[in-house]
Amino acid sequence: MTSVRRVAAALVILFIDLAGRSVIDKVLALTGDASRVAVWAQLQSVVELVCAVSSAGVLAGLTVLVAQATSGFEERRLLRAALGLSILISGGLAILIVACARPASTGLGQSDMGPGLIALAAVAGALCVMPATLNAYWLGKSRQPQMLWLALLGALSVAVIAMAALAGAATEGLMTVQVAMLALGSGLVWRYLRRVTGRIPTAVARFAWPAVAAPAAEASVMSVASEARSGRALLRPLLRFIPVGLTIGVMSPASMLLMRAGLAESLSWHEVGHFQALWRLGDWVAALASGMLSLVFLPRLSARWGSDRFLLELRRAAVVVLAPAAGLLALLFLAQAWLLALLYDARFVVSEAAAAWFLGGSWVRIVSWVFLYGLFAAHRTRTIMLGEFLSLPLFAALLWLGRDGMTLERASMLYLVTYLVYAIVNAIGLALPGSRPAPVQSLPQS
């Protein structure tokens, strides 16, 4: 059973993350205007692009597999393999983005986001991998209270960035501060991971392939052939999540970048800032719901997959998350004008129609996530990848196709339609019959 302490810790982690994002947006609104908020959101999408190719794939797989592991030895080996794969994947993407920063800046149509800023954002995304790996490992072990330490470290970073913005730092300075704080955090996490795994090989290739390079202490008690077999047994299920990470991790942040660029072409970057403010308002409920599903229910669903209790757990997740989300979103709609002024300033105004369509779409989006986390627990990676094309990528495509005569009201309506399609696809995918994936093979103990 999930303890009250763990649920409370999960809620505190989510609140810290949401409050931090809102603090940065508030400071940017006070020291600039709506367009500066939009540019910062674009840069954070680049950060997410680099980190999410690992966090949405290999690291999500790490959480699932650690929850299903049968020994601490398996957990540590999974952690080592997942860390190496994540460094390779996200690091490689960061290098590619840095190399293509100039054409990317031109393609996104925002003169205030030059190649240097995009390069800094890519580096920040690569530095997010280390704490994200530890978070995924702790989550699989249902150690939400320990995850609070990383959340507090993130809050410190937010405070430093906010103070830099209030001191008059330009966007380049804020990104430099973010990179510096992430580097500090990654160094601290690295030292902790070395203790958890015993000895982590320094070569990145040895991170990713523990079957080839095993620690000396483990090699002393098992043969090379046995070690190779056990390494492959651990890597095989992790590798299945790589395509998922590449699909979700690339397409979701990239779609956000294209979505904002499309709205800016149809309307203006000022209006994009207003839409971003509405998005952040909905995030207070959507992110809480997503966090509850990932921090509380994903480990539970993963542990119960293949048993009669899986559907019961899925229903419990729906009941616990969907009804409160509907009530909170209704309250947000009633107070949206006051809340936007509070979170930003009085210049951020959207119509009631736009708010109604968007917040309604946010609830449908949460419905789709209930099925999505069920798909993750069931290892339905192909269904997840198919469905991903019908979420944010579909929304971005609809905005570009309907850019003539676009309004914030129409954009919000298309948001609802997109996630209605996505929820239906995820529900059908989870309902289709499928075999239970082979469990992680038990390994010899040292």
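Helix α14 (residues 269-304) packs against helix α17 (residues 352-377) in this predicted model. Their axes lie 9 Å apart, at an angle of about 20°. Angles under 35 degrees count as roughly parallel, so α14 is roughly parallel to α17.

**The α14–α17 contact**
- The crossing of α14 past α17 is right-handed.
- Sorted by class, the residues in this contact are 19 nonpolar, 6 polar and 2 charged.

- Helix α17 has 26 residues, which should span 38 Å at 1.5 Å a residue.
- The end C-alpha atoms of α17 are 38 Å apart, so the span agrees with that expectation.
- In α17, 19 of the 26 residues are buried, so the rest of the structure largely encloses this helix.
- Just after α17 comes His379, with a positive phi of about 60°.

- Tyr344 and Ala34 are 310 residues apart in sequence.
- In space, the C-alpha atoms of Tyr344 and Ala34 are 8.9 Å apart.
- Ala34 has a number that falls in helix α2 (residues 34-55).

**Helix α2**
- Helix α2 has 22 residues.
- From its first C-alpha to its last, α2 reaches 30 Å. That is close to the 32 Å expected at 1.5 Å a residue.
- Where does α2 bend? The bend is at Leu49, by about 30°.

**Gln44, a residue of α2**
- Gln44 has its place in helix α2.
- Which distance separates Gln44 and Leu257 in space? From C-alpha to C-alpha, they are 9.6 Å apart.
- Along the sequence, Gln44 and Leu257 are 213 residues apart.

**A reminder about helices**
- An α-helix has 3.6 residues a turn, so residues three or four places apart point the same way.

Methods: Residues numbered from 1 in each chain as written. Predicted model: local features only at pLDDT ≥ 70, side-chain atom pairs only at ≥ 80, totals over all residues. Heavy atoms only, no water. Axes fitted to C-alpha atoms, helices over the stretch in contact; angles between N-to-C directions. Helix = DSSP H or I, 4+ residues; strand = E, 2+ residues; numbered from the N terminus. Parallel < 35°, antiparallel > 145°, perpendicular 65-115°, else oblique. Left-handed = near helix turned anticlockwise from the far one by under 90°. Nonpolar A, V, L, I, M, F, W, Y, C, P; charged D, E, K, R; others polar. Expected span 1.5 Å × (residues − 1). Bend = angle between axes of the 7 residues up to and from the residue. Buried < 20%, exposed > 50% of the residue type's maximum accessible area, 1.4 Å probe, protein only.
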